[in-house]
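This report describes a predicted model.

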Amino acid sequence: MPLAQIHILEGRTPEQKKKMITEVTTALVNSLDVRPENVRVIIYELPKSHWSVGGVTMEERE
């Protein structure tokens, strides 16, 4: 039972997240030869203030 955990910044639309879930599921089905109902996808949405690159938060970069 594959489990994909995906960390993204908040702000994506429900449609974008649904598309990502569908495409990740398809990729795991095709690459691991598993059934779609056995694939789990978890999305962790982080506030821009909780994600930084080079000591600068994504919120500060806007």
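Lysine 17 is buried, with a relative accessible area of 19%, since the cut-off for burial is under 20%. The side chain of lysine 17 meets that of glutamate 45 in a salt bridge (3.1 Å, N to O). Lysine 17 lies in helix 1 and glutamate 45 in strand 2, so the pair ties together parts that are 28 residues apart in sequence. Glutamate 45 itself counts as partly exposed, at 37% relative accessibility.

| Pair | Distance, N to O |
|---|---|
| Lysine 17 and glutamate 45 | 3.1 Å |
| Lysine 19 and glutamate 23 | 4.0 Å |
| Lysine 48 and glutamate 62 | 2.5 Å |

Lysine 19 and glutamate 23, by contrast, both belong to helix 1, four residues apart, about one turn of the helix.

Helix 1 has 19 residues (14–32) and should span 27 Å at 1.5 Å a residue, which agrees with the 27 Å between its end C-alpha atoms. Its buried residues are Lys17, Thr25, Leu28 and Val29. Seen down the helix axis, the buried residues fall within an arc of 105°, so they line one face of helix 1. They pack against strand 1 (3–9) and strand 2 (40–46). On the other side of helix 1, Glu15, Lys19, Asn30 and Ser31 are exposed. Just after helix 1, aspartate 33 adopts a positive phi of about 55°.

Definitions and conventions: Residues numbered from 1 in each chain as written. Predicted model: local features only at pLDDT ≥ 70, side-chain atom pairs only at ≥ 80, totals over all residues. Heavy atoms only, no water. Helix = DSSP H or I, 4+ residues; strand = E, 2+ residues; numbered from the N terminus. Expected span 1.5 Å × (residues − 1). Buried < 20%, exposed > 50% of the residue type's maximum accessible area, 1.4 Å probe, protein only. Arc of directions from axis to C-beta. Contact = heavy atoms within 4.5 Å.
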